[in-house]
Amino acid sequence: MSADKTTRRDFVKGGTLLAGGLIAAPLLSRANYFSGAADTIKIALVGCGGRGTGACLQALLTKQNVKLVAMADAFRDRLDSCYKQINADDLTEWSGNKGNVKNKIDVPEERKFVGFDAYQKAIALADVVILATPPGFRPIHFEEAVKQGKHIFMEKPVATDPAGIQRVLAAAAIAKQKKLNVVVGLQRHYQNSYRELIKRKDQIGEITSAQAWWNNDGVWVRPRQPNQTEMEYQMRNWYYFVWLCGDHITEQHIHNLDVINWFKGSYPVKAQGMGGREVRKGKDFGEIFDHHYVEFHYADGSILNSQCRHIPHTMSKVDEMFTGTKGKIFCGEGKITDLKGNVIYQFDMKTENDPYQTEHDELFAAIAKGDYKFADAENGAKSTMTSILGRLATYSGQVVEWDKAINSGLDLHPKVYDWAAAPPVLPNADGLYPVATPGITKYA
Amino acid sequence: MGSADNQKGHRPDESPQKEVTISAFWMAALETTHDEFGAFWTDQSVTINSSVDAVTRPTSQYIDLSWGMGKEGGFPVNSMSQTAALMYCHWLYKKTGIFYRLPTEAEWEYACRAGSEATFPWGDDANEMSKYAWFKGNSKSKYQKTGTLLPNTWGLYDMLGNVAEWTLDQYDSAYFSKLADPVRDPLASPQSRYPKTVRGGSYVDGPENLRPASRQYSEPAWNKRDPQFPKSRWWLTDAAFVGFRIVRPVKQPTAEEAEQFFKAYIGQ
C-alpha cells in the first residue's frame, strides 16, 4: 500500500485504528476490518493462466468498488500476458458491454510477483484473493490466505491428494471461525438452472441412482521445450501430472461428481472402478489416464455411475442425471420427468445466467456489505475428495473406502518447490512416465 | 430483400425492402453436417489453433457442444463461431481448389425465398411450417438430421429452422436503408466479431423467426459460459442453435483474391 494511493476513507480508518492503539491491526487482518461499500476492495490474483485471467476479469466486472493490486504466477511470461489481456481497451467480446477495467487495475512492477513463493507476497496486499493456479498448489495457497485473514475465491479442484484435502478442511474450519467468505469455482452452484432444479428435487422422491459424464476430446498439451528443467516442464504441461492436476477425473469431472453430492446431500462411502490409457499415450502425456469409470456407493445404498473420458471421436457428453422413486432429473436439459417420461418441470433456458460472473457478483456483494455468506471450502474439499476416491479406485482396481482414503496421509507433493528440484515423478530413458496399473498399483 | 411493414412478424430491421440482383452461385442443399465438418476437424495434416497458419483446426471443445442432440449420420454441425465456419471453407478451398464461402444475407434470402414473395416460401400459412422446417413447434428442443423434411422449390432443405445459419454480413439494423435500390451483390463488410447476421431461425424459435426476411445476430452472450480469457475463437457455449451452409460462387475468385478474402474474415 503506497501512501499516495491512500483514499480518504483509508486515511480516516487508519486514523481510527491508530487512535485505538491497534497499530499493527491493519497488517494482520485488514479483511475483518472491512467496513463499507464506498471502500475499495483490494484483490490479488494468484495464478495468471487462462482461467485466472477470466476469474480476475469477472471480479473486476462486479458492481463493487474493486481494485486489482497484486499478481502472482510461477512464470513471468504468464503473468505478463495476463496483465496485457486484462488491460485490453475494449472487453465487449468478453463481457458483452463496451468499455474496459483499466482503471480498476493498479499493479506496478513491484506488486508483480513471480516464482513458487510469489503467492505469499501477493496475498498480503489484498482483501480478497483469487486462487487459480494448477490445483496441486491450492492447499498451501488456501492455507496462507486463511492465515492472513483474506476472503477467497478459489478454483476447483482444491487439492490433488488426501493430504491436501486434510489441509484444506483444516483451513476451512479456521476460515469459518474468522468469518472469511470462501467461494469455490464449482459454478453450477451459482447457475440458475441447477438452483431451480435442486429446489424441486423432492419431485422425484428418494434418489436411488445417479449418472455423471464428462466425456470429450481432452485438453491442451504443451510439449517439452529445450532448456527446461524437469520441474519447469511439468509445471508448464501440468495437466498430465497427478501431483499438479489430479488426473482429469479430478480436474474436470469433479463438476459432475459435485452435483451428485449436492443433490444427494452427502458424500460417497466407497468406490470401485476401472480405467486406463488407451489412446492418449506417449511422452507428451505424462502419467494420467484417458478414461475412468467409477461406481460410487453412498451410505443409503444408492449408487452413482460416473464416467469420464478424454478420447477424440467417441461419444461426448458432459452432464448429470438422477433417478428417484418417482421420477428423473436431467440436469443439462433442466428437466424433471416422472418415471413414464412425462415432463413435470422444464427450466426456461432463456433465463440461464453466466454462473462464472454470478459467483463473483455474489461474493463481492457480500464482502462489500460486510456480510459473511459463503463457506464453500468444506464442500469443495469433499467433492474434490470424491474425485480422488474415484482415481484411487481406477488406479488400483480395488474397492476404496472414503474414511481410509481420506486418512491415508497420501501426499504426492515434492518436498521442495524449486526449478532445479526433482518433481515426484520422473521419466525413464525413453521419456515415458510410470503409469498406474490396476491390480499392481497400491492406492495408499 | 426484406419484408413489408404489414407482414405478420415484421420487424423494423427488415425494411425498407430492396430489389437485389445476385451473381450466380451454387448453394449446398443441406446444412453442413458434423460428419462433414469432422473431416476437417480431424485432418491430421493441419495444425490446431495456430495463430499464423492460414488454415488451422479448431481446438477441442471443453464440454460437448452438440449437447447430446446427435452427431454421426447427418446431424447439422453447431455451436461454432463464424470464424470456425469460414475456416472450414478455407480448408475446403485448399483441399479442392474450389472457393466456397458462407452466403451473404442477400444470397441467403434469395435462395430461401426461391422466387416467393410471401411470408414463407410456401405462402402465408404458418400452419404449413411443420412440413418444411424444424422449429419450436415440432423439434422437441433438438436439431434433427438434415434433409428429412420437404425442400423449397429449388431443392434446398432446412433453409428455415433446424440450425440458424451464419452469413458473411456484419449485422446492421439499418442495413437495408443504406442500400441503393436496386442494388447488386450487397454485403455488409466485417467490422467486429459481434454482431454478425444469422438467418433462417432455428429449432428453438417460433414461426415469427422462421420467415425468409427475419434477421438474427450474434452477440457476446452466445459465449457467456466460456470461462477462459480470451474466450475461444472457435466455439460458442450458449449458441447450440447456430450452424451454417456453404455456397460456391460460379465466377471463382483468383487465388490471390481468395486468400485476401480469408485474411479479411479470419485474420490470418
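Hi everyone, let's start inside the protein: the largest cavity has a volume of about 40 Å³. Please keep in mind that this is a predicted model. How many cavities of 30 Å³ or more does the structure hold? The count is 1.

So what lines that space? The residues around the largest cavity are A:Ala172, A:Ala175, A:Lys176, A:Leu180, A:Val182, A:Tyr372, A:Phe374, A:Ala375, A:Ala377 and A:Glu378. Sorted by class, that lining has 8 nonpolar residues, 2 charged ones and no polar ones. Two helices of chain A, H8 (162–177) and H15 (377–396), each give at least two residues to the lining. H8(A) provides the largest share, with 3 residues.

Let's stay with those two helices for a moment. The axes of H8(A) and H15(A) come within 8 Å of each other and cross at roughly 170°. Angles over 145 degrees count as roughly antiparallel, and H8(A) and H15(A) are therefore roughly antiparallel to each other. The crossing of H8(A) past H15(A) is left-handed. On the H8(A) side, the contact uses A:Pro162, A:Ile165, A:Val168, A:Leu169, A:Ala172 and A:Lys176. On the H15(A) side, you'll find A:Ala377, A:Glu378, A:Ala381, A:Lys382, A:Thr384, A:Met385 and A:Ile388. By class, this contact comprises 9 nonpolar, 1 polar and 3 charged residues. If you look back at the cavity, A:Ala172, A:Lys176, A:Ala377 and A:Glu378 belong to its lining and also take part in this helix contact.

Now to another helix pair in chain A. Helix H3 (residues 50–60) packs against helix H4 (residues 76–86) at an angle of about 35°, and their axes are 10 Å apart. Here the crossing is right-handed. H3(A) brings A:Gly50, A:Thr53, A:Cys56 and A:Leu57 to the contact, while H4(A) brings A:Arg78, A:Cys82, A:Gln85 and A:Ile86. Those residues divide into 4 nonpolar, 3 polar and 1 charged.

Last, some backbone details. Most residues other than glycine have a negative phi, and most peptide bonds are trans. In chain A, a cis peptide bond joins A:Lys156 and A:Pro157, with omega about -20°. A:Pro157 sits in the loop between strand E5 (151–154) and H8 of chain A. Chain B has a cis bond from B:Asp181 to B:Pro182, with omega near 0°. B:Pro182 is in the loop between helix H5 (175–178) and strand E4 (183–184) of chain B.

And where is A:His313? It lies in the loop between strands E10 (303–310) and E11 (317–324) of chain A, and its phi is positive, near 65°.

Definitions and conventions: Residues are numbered from 1 along each chain as its sequence is written. Chains are lettered from A and ligands numbered from 1 in the order in which they are written. This is a predicted model: local features need pLDDT of at least 70, side-chain atom pairs count only at pLDDT 80 or more; totals for chains, interfaces and linings use all residues. Side-chain values use heavy atoms; hydrogens and water are left out. On a 1 Å grid over the protein atoms alone, a cavity is a set of points where a 1.4 Å probe fits but cannot get out, and a pocket is an open set with protein on both sides within 12 Å along at least five of seven lines; lining residues have an atom within 4 Å of a point. Grid points are joined across faces, edges and corners, and a volume is the space filled by probe spheres set on the points. Helices (H or I, at least four residues) and strands (E, at least two) are DSSP runs, numbered from the N terminus. Ala, Val, Leu, Ile, Met, Phe, Trp, Tyr, Cys and Pro count as nonpolar, Asp, Glu, Lys and Arg as charged, and the others, Gly among them, as polar. Axes are lines fitted to C-alpha atoms, for helices over the stretch in contact, and angles run from 0 to 180 degrees between N-to-C directions. Angles under 35 degrees count as roughly parallel, over 145 as roughly antiparallel, 65 to 115 as roughly perpendicular and the rest as oblique. A crossing is left-handed if the near helix is turned anticlockwise from the far one by less than a right angle, and right-handed if clockwise. Contact means heavy atoms within 4.5 Å.
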